[in-house]
Amino acid sequence: MTTADTGIELSERLQWMNRLIEGWSIYKKNLLGKIGIILLVLFALMALCSFIPPLLDPMYQPMAGVDPEISTATGPSTRHWLGTDFMGRDILSQLLTGARIAFMVGVSAAFMSVFLGTAIGMIAGYVGKFMDTLLMRLADMIMVMPALLVLLMLAALFGQLSIWFIVFFIALFRWPGVSRVIRAQTLSLKHRPFIEAAKVAGASNLRIIFRHIMPNVLPLSFLYMTFQVTSAIIIEAALAFLGFGDPGTVSWGMMLQWVWKTGHMFRAPYWLLPPGICISLITLSFYMLGRAMDEVLDPRLRKEGETD
Amino acid sequence: MEHVEETILEFDGIVKKYKTRAFLFGARGQDVVALNEINIKITRGEIFGLVGESGSGKTTAGRLIVRLEEPERGKIYLDGNEITGLKGKISKDYSRKVQMIFQDPYQSLNPQLSVYDTISEPLIIHKIGNGKARENVVLQTMKSVGLSPPHDFAHRFPHQLSGGQRQRIAIARAMVLNPEFVVADEPTSMLDASMSAQIFNILLDMRKQFNVTILFITHSLAAARYLCERIAVMYRGNLMETGPADDVLKNPKHPYTQALIDALPKFGNSRDVNRYDTLLRSERVPSEHIGCPFFLRCSCADQIKCSHEKPPLMRLGDSHSVACFYAEP
Amino acid sequence: MALLVVDNLSVGYQGQKGYLQALEGISFSLEAGKSLGFVGESGCGKTTLGMAVMRLMPSNGFIRNGRIIFDGEDLLEKTDEEMRRIRWQKIAMIFQSAMNALNPVHRVCNQIVEAIVTHSPLIDKKEAYEQVRDLFQLVGLPENRIRDYPHQYSGGMKQRAIIAMALACNPQLIIADEPTTALDVIVQDQILDEIKNIQTELNISVIYISHDISIVADVCHHIGVMYAGQLVEYGAREEVFNNPMHPYTRALLSSYPTLTGEKSHLMPIPGEAPNLINPPSGCRFSDRCAEARETCRRNHSVWLELAPTHKVLCHQCGKNCGQ
């Protein structure tokens, strides 16, 4: 607490907590939201636990670790709870690592695309005129491009792509969608009386965008982040499955690639099913999270009986 | 209250037009004249009422004063200085002197900002004082609009407060810079009677405490009578009648003002006979006419003169002016 | 016999924070061909009252007890199907901002025709169209505008169209909830005149709900003043206006600026309306009332009859207030 802090600013922080608590109590009531959160917590645990197996025994290393006694794909056993892949590597540790990668890719790409999309959307919407046209035509051009195909071409050009490169490019392809929505929201806010009041008070355009428009647009941004995460995870998985992922990273898509490439698709369900199910479930759970958050953020969507 | 008869704000030949867009396959977009050659002089320290129905241009006039819009023609003067077309630093300085209270208390406050943040914002924008000094000013202003004790309200958010309380916040925000001139755009039209009464009294109080000049925009003649020393009645972008409030409302000279007074519901007494009866039951067929804006609905209009000549504002008596050829003093 | 008798009606909403008592013990009666106005500030329950009579409560609304006897039958005992037949044919409603109730993509005449045909399946479209022409004449809309779209109408015209729609099936009762709020003074005056004329011509009963006491005084024979979900004063319009008894009514009347008469300082009512989730046990107005006593705060108020048609929900009246 610095000397500039006043009693008022302290109680404002308490207000934030109150709002969080209020938001949570509304969120709780949504069944989808509850399922989503539970699933996400499970996946988060998986990601955290991914560090454990290699510590227990080097043969559990997802990429390099090989069971000295096994050199083919085997089913679940006490040593390998989900079995081994074609090289004798533990599938469970690969799955856990995949969870970590999924979160990393999903959240990073989503964060970057939403950051870009929000900033661009706000500026385009508020400033309008030439800047708006310029930015939105740029967005249109990018939206029209098939993200996956372009990434495949780049992979073909540059050889293998690193995981961060993939993340960066996913963000680059996905910001236009966010910016359109944020721009629309900004347009509707632009003419609201409280914005005019800020103008009358002498606020500069920059101040209005960041102090007045942004806080009212951020809830929407957060919401879109959840949708972007699902999209990012799927793109990465598709790339890896097609063989254009980062060869040094063990992701679920990569696991599927190995199953396919080594011809074990119909022979090793214990290897094929876990990564596929995980991809589906994690995207589903982020989607459910987004839907439930929608209700928290937009009071109008709350079901009746929940009015305050 | 003694104050020198000094003009603080002046409208000189103000014209404001809006372009309407063509509706699908309908007529091409036409210009809507929101303000048609308006001339007003407002005295320092008074509460001046701008009265009219929707479409009269009263809100537009208010918006021109706070520079949310610019007029097509004409000039506006504050303290003798021209303010139309100001840019940059001078424009920002202007906002310290002229502020606005908006109509809708549910929309004119940022829902994400606390009460304290909303009211301290103008001070931050103009870099007035440091944290502690600012806090004092904000709390003092909150007290003066009746948000007492201030600490109870400071960290609340608009959605937790009633319409009347929100409007007080809007007034505090407008007054925190100690402006010279405040435009109050129908500040009570969305409030109940009791809250409206509170707001009226607060405005009177503000004028007394801060000696601020207020332009009170309203559609309610009774509210104008209660608050204002002088009023101007507007119709379709034109001034119809101006003068001391009591005078204009007790002895209205313009047929439109008379029609407005006739239209008011009468408490308890079911008088069905209109006092002035200046309104036609159905409008005249419109034709291209450049005469009096009220011609189409006026029952005492002259077919030739009123439809071809636009009556200027003519002084009738003690600062009471009317835009009508047939008004009698 | 009275057309509508409401007896001890209590209505509430189940919300997140608890049960909100929107209406408590409302009783009144309305004769055929007469008009009754309910006045009160926002939150007093007047809109809820209108919706309750039509049985159009939202899913979290409950009619706790009471009776609504319309034309001799208790509406609360009707099934949904029976209520559907009563709505619009016997009781019609004009909602707040009803002008927005017109569908912008259909012509006005077609919308009214649809309203007629839906409720009276025996009438064919041609006949319905003729009825619409009659209705237009009744509400003062020019016949050459009958085939226009809603956006071509002004605010006042849209409101007249809504009134025409409400009258389409010849109801016995119309409930009008703030029908003129969004309109200008002159148009409002004309609409109110129309309503008065229609009421006398067709002998329809009208319940008029408004926050503006002057409008209600102009239009209605009887007035009910509502506060915090209760009816606090009820009487003929002259009685309530020239001789208001309840402290709230008097405070309300003195918080309006007037155009004529002495220019006195407006006295707003101090404090705020009570929380209806936990209403006070005594008189609900007691914490804002200048004349409140201990009994007011402790005990429920009772109805005091000041005249055969004038009653007040107060402990003090008859003793201290007024004459």
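What follows is the requested close look.

Modeller: This is a predicted model, in which local features need pLDDT of at least 70 and side-chain atom pairs count only at pLDDT 80 or more, whereas totals for chains, interfaces and linings use all residues. Residues are numbered from 1 along each chain as its sequence is written, and chains are lettered from A and ligands numbered from 1 in the order in which they are written.

In chain A, helix α2 (residues 31-49) and helix α4 (residues 91-127) have axes that come within 7 Å and cross at roughly 115° (axes are lines fitted to C-alpha atoms over the stretch in contact, with angles from 0 to 180 degrees between N-to-C directions). That makes α2(A) roughly perpendicular to α4(A), a term covering 65 to 115 degrees. The contact (C-beta atoms, placed from the backbone, within 7 Å) brings F43(A), M46(A), A47(A) and C49(A) of α2(A) to L96(A), A99(A), R100(A) and F103(A) of α4(A). By class, seven of these residues are nonpolar, none is polar and one is charged (Asp, Glu, Lys and Arg count as charged; Ala, Val, Leu, Ile, Met, Phe, Trp, Tyr, Cys and Pro as nonpolar; the others, Gly among them, as polar).

Turning to the neighbouring chain, the contact takes 20 residues from chain A and 26 residues from chain B. On the side of chain A, α1 (7-28), α8 (193-200) and α9 (205-242) each supply at least two residues (helices being DSSP runs of H or I, at least four residues, numbered from the N terminus), and the largest share, six residues, comes from α8(A). By class, this side of chain A has nine nonpolar, six polar and five charged residues.

Notes:
Two residues are in contact if their C-beta atoms, placed from the backbone, lie within 7 Å. Angles under 35 degrees count as roughly parallel, over 145 as roughly antiparallel, 65 to 115 as roughly perpendicular and the rest as oblique.
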